[in-house]
Amino acid sequence: MRIGVIGGGAWGTALAQVAASGGRDVLLWAREGEVVEAINAGHQNPLFLKDIPLSPTIRATGDLDELGTVDAILVVAPAQHVRSVLAAAPIGSTPLVLCAKGIEAGTRMLVGEVAREICPDAPIAVLSGPTFAHEVARGLPTAVTLACEDEGLRAALSERLASPAFRPYASSDVVGAEIGGAVKNVLAIACGVVDGAGLGQNARAALIARGFAEMTRFGLARGARAETLAGLSGLGDLVLTCSSTASRNFSLGVGLGRGEAAADLMADRRTVAEGAFTAPVLAEAAREAGVDMPVSEAVGRLLRGEPVGEVIGALLARPLREEGV
Ligand SMILES: NC(=O)c1ccc[n+]([C@@H]2O[C@H](COP(=O)([O-])OP(=O)(O)OC[C@H]3O[C@@H](n4cnc5c(N)ncnc54)[C@H](O)[C@@H]3O)[C@@H](O)[C@H]2O)c1
Ligand SMILES: O=P(O)(O)OC[C@H](O)CO
């Protein structure tokens, strides 16, 4: 199975490295000419994944048409750009493995729904989980959820991508795998706010637990299975990104918690903090589904520029309630 990758950011590059293990050929499409050149000439990606030597069997291209020759494509563009890159690529019936974590603004579609609309003949899988790109690219042990309704394709993709350091766990719950990854980014911002505002470790643990309850409420309302949300792509990724400044979403939250303006924190950034785009559309989708998501709503208010003290105060002043989902 010859693998192509759409997206030469940190995660696309790390996944190309995974797919190239054992010296297999991989074709990676990158938007930036300097990334294409650096990968082909020097086997590195200094823009998005500095100081990590890449496999020489990864070849980069700036021409999406070249992906017409591969057997499966890992789609690793940011969620808000998946529609435009898929529309421009020669997908046909080539299987797509969706690796972006987010919900499309405007349409409120999960990335899988976008892919089905643009590429109706392509089988869809989702790869998601606790995966800092720089660790994966260095070959440190990592486990992910690989979700696909087609059992045969799921097995073939798992086998193709697996190595002792990269363990896909198979699932048929595509929606569940997507929702965990999209919602955890918003909750990671919230945990960063706790850190930046100096609210302590108890508050962070409370946010992870209550955030997981709201991820579960939303997921169940959208047809996800509870065990998927409690697995690698949900709780696993939530724990990772709510605990580390290596998370771009957590780091954005730290700035918000210190009272810095969202616009300043987002200005001129080359890398993506998906939660900032997902938070407003998640709040809309939750309201539409009749699901209460107070933590995600609070993140949306902070991103709109409301004062951090007021937003935290309102969250803590909510009526007491029973525990549970
Ligand atoms: N970095 C990680 O550790 C990691 C791990 C798992 C999942 N992800 C997810 O992977 C996706 C990609 O993130 P990343 O970390 O690889 O990106 P990145 O932050 O490293 O780089 C930004 C990417 O956005 C692309 N981009 C910017 N504008 C674009 C446009 N108009 N059209 C198409 N592409 C555009 C750039 O080319 C680049 O590939 C995100 O959904 C992210 O949540 C990231
Ligand atoms: O840096 P973040 O916050 O985008 O997180 C990266 C991955 O999603 C972690 O699994």
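**Entry 1**

The model is a predicted one, in which local features need pLDDT of at least 70, side-chain atom pairs count only at pLDDT 80 or more, and totals for chains, interfaces and linings use all residues. Residues are numbered from 1 along each chain as its sequence is written, while chains are lettered from A and ligands numbered from 1 in the order in which they are written.

I then looked up which elements contribute to this shell. Helices (H or I, at least four residues) and strands (E, at least two) are DSSP runs, numbered from the N terminus.

**Entry 2: ligand 1**

I next turned to ligand 1, which has 26 residues around it; G9, W11, A100, A133 and T271 come nearest. Helix 1 (10-19) and helix 3 (82-88) are the elements that give two or more residues to this shell. The largest share, three residues, comes from helix 1. I noted 13 nonpolar, nine polar and four charged residues in the shell around ligand 1.

**Entry 3: the two domains**

The domain assignment of the protein chain gives domain 1 (3-172) and domain 2 (175-316); such bounds come from an automatic or database domain assignment. The centres of the two domains, taken over C-alpha atoms, are separated by 24 Å. I found 23 residues of domain 1 in contact with 24 residues of domain 2, where contact requires C-beta atoms, placed from the backbone, within 7 Å.

On the side of domain 1 that touches domain 2, helix 4 (111-118), strand 6, strand 7 and strand 8 each supply at least two residues. Strand 7 provides the largest share of that side, four residues. By class, that side has 14 nonpolar, seven polar and two charged residues.

I also checked the ligands against the domains.

I traced an open sheet of eight strands in the order 3-2-1-4-5-6-7-8, with mixed pairing. Strand 3 (58-61) and strand 8 (166-171) stand at the edges with a single partner strand each, so one side of each is left without a neighbour in the sheet. The twist averages 25° from one strand to the next.

Strand 5 (residues 96-98) and strand 6 (residues 124-128) pair in the parallel sense over three bridges; two strands pair if DSSP finds at least two bridges between them. The bridge partner of V97 in strand 6 is A125.

Helix 7 lies across strand 6, strand 7 (142-148) and strand 8, and runs at about 35° to strand 6. Axes are lines fitted to C-alpha atoms, for helices over the stretch in contact, and angles run from 0 to 180 degrees between N-to-C directions.

Notes. Two residues are in contact if their C-beta atoms, placed from the backbone, lie within 7 Å. Ala, Val, Leu, Ile, Met, Phe, Trp, Tyr, Cys and Pro count as nonpolar, Asp, Glu, Lys and Arg as charged, and the others, Gly among them, as polar. A residue is near a molecule or strand if its C-beta atom, placed from the backbone, lies within 6 Å of it.
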